[in-house]
Amino acid sequence: SRRFWFRTYFCMAAEPTNVNEFQELARQALPKMYYDYYAGGAEDQHTLKENVAAFSRINIMPRVLVDVSKIDMSTSILGYKTPTPIMIAPTGLHKLAHPLGEVATAKAAAECNTIMVLSFSSSCRIEDVASSSNAIRFYQVYVYRRRDVSALLVKRAERNGFKAIILTADTPRLGRREADIKNKMISPPLQNLEGLISTDVESENGSNLQAYASATLDDTLSWKDIAWLKSITRLPILIKGILSTDDAIKALEVGVDGIIVSNHGARQLDYSPATITVLEEVVHAVQGKIPVLLDGGVRRGTDIFKALALGAKAVMIGRPVVFGLAAKGESGVKKVISMLKEELEITMALAGCCRLEDITRGHVRTQTDRL
Ligand code: FNR
């Protein structure tokens, strides 16, 4: 029986049952510098906490006595079918979490039929990610002062079968992430940029992240440049980093194919709102003309349900994927996605919703509803 308890203990310790437990495993697995890079946010990390806390202030209003024997969570994003409204957000430098990096993440995405957005700051080559699995992949782009470099990477992604371009619009400069500064976090050179741009920059504060961003990112980028992006690719374009109705309307005006309500996982502007608190107004502004996705603080199936009830077409998850990767590689990412899938399914059953279309505004109550 000693052996039984020993095994029981280790099974419990080894098999996380929710996303938050993966965060703890990742913390144990990673050097502090890398864990902090993944987990941290900007400045006071107010928005970092709020992204999660704001979800917890929303209640789910169930309907009972509904036949929920068959739950269908499938949807389509830009015409691409997916079994759940869960996507992998673009996050940089997966090789710091696991030696196989984004290749492992893409393999997990393929096994779950989950759409993966590959980061411009990927530590694996675009071509290697593309050839390692048949996951449906979108490509995230940062616009560099060297526009030719950004254009080249967009074209490489397009040539390698990526299906959409995600323009990250909230990063004219890098937010102040104090843990990275304290840890003197140094980014390894990005393979996709090899021979194109030097990552060897002078840093003032010990970490090279901010100095590299300042040297490369084009902070003159503006709405008129969407025309330039359209001119270099035939792929659909989504803008990531929209938090206001003003910007949602501008996105409609310039004619993009979708928007992502995001505060970059609270790594950019601290005290920007928790994404779930602005989703509904952005959705209203867009009037159903283009899909609205959301990321930031999604840690539970109930969070996904809430985002869908407030009008999101799908959600993206950032840190949970990286934590899964750090803890258990490809199988960790798979587990994170399958746990969220399972949680969403049970949430839908208990709330009386069989299909995603059944999830309505009346299935959630926000704090303002109650006033
Ligand atoms: C990011 N994010 C991000 N976004 C982007 O457009 N390009 C990028 O290269 C990165 N890199 C990146 C690295 C790390 C470590 C994190 C945590 C995040 C932001 C990401 O796409 C997404 O908006 C957030 O991660 C969503 O919040 P959660 O799910 O992490 O709470």
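**Stop 1: two paired strands**

Select strand β7 (residues 165–168) and strand β8 (residues 237–242): four bridges join them, and the two run parallel. Strands pair through backbone hydrogen bonds, either parallel or antiparallel. Here, two strands count as paired if DSSP finds at least two bridges between them. Helices (H or I, at least four residues) and strands (E, at least two) are DSSP runs, numbered from the N terminus. Now pick Thr-168; it stands opposite Lys-240 in β8.

Before moving on, note that this is a predicted model: local features need pLDDT of at least 70, side-chain atom pairs count only at pLDDT 80 or more, and totals for chains, interfaces and linings use all residues. Residues are numbered from 1 along each chain as its sequence is written.

**Stop 2: the barrel**

Colour the strands β4-β5-β6-β7-β8-β9-β10-β11. These eight strands form a closed barrel with parallel pairing. From one strand to the next, the twist averages 30°. Axes are lines fitted to C-alpha atoms, for helices over the stretch in contact, and angles run from 0 to 180 degrees between N-to-C directions.

**Stop 3: inside strand β6**

Which way do the residues of β6 point? Arg-137, Tyr-139 and Val-141 point one way, Phe-138 and Gln-140 the other way, and all are buried. A residue is buried if 20 or more other C-beta atoms lie within 10 Å of its own, exposed if 12 or fewer, and partly exposed in between, with C-beta atoms placed from the backbone. Because five of the five residues of β6 are buried, this strand is largely enclosed by the rest of the structure. Val-117 has Phe-138 in β6 as its bridge partner.

**Stop 4: helices on the strands**

Select helix α5 (residues 101–112). It lies across β4 (86–88), β5 (115–118) and β6 (137–141), running at about 160° to β5. Next comes helix α11 (residues 245–254), which packs on the sheet and touches β8 and β9 (258–261). The direction of α11 makes about 170° with that of β8. Two residues are in contact if their C-beta atoms, placed from the backbone, lie within 7 Å.

Then go to helix α4 (residues 46–56). Its buried residues include Thr-47, Leu-48, Glu-50 and Phe-55. The buried residues of α4 pack against α12 (275–286) and α13 (301–309).

**Stop 5: the ligand**

How many residues surround the ligand? There are 24, and the closest are Ser-119, Thr-168, Gly-265, Gly-318 and Arg-319. A residue is near a molecule if its C-beta atom, placed from the backbone, lies within 6 Å of it.

**Stop 6: two positive phi values**

Find His-264 in the loop between β9 and α12. Its phi is near 65°, a positive value in a residue other than glycine. Is His-264 buried or exposed? It is buried, with 24 other C-beta atoms within 10 Å.

Move to Gln-287, in the loop between α12 and β10 (292–295). Phi of Gln-287 is also positive, near 55°. Gln-287 counts as exposed because it has 10 C-beta neighbours inside 10 Å.

**Last stop: zoom out**

Of its 371 residues, 49% count as buried. The C-alpha atoms fill a box of roughly 60 × 60 × 40 Å, taken along the principal axes.
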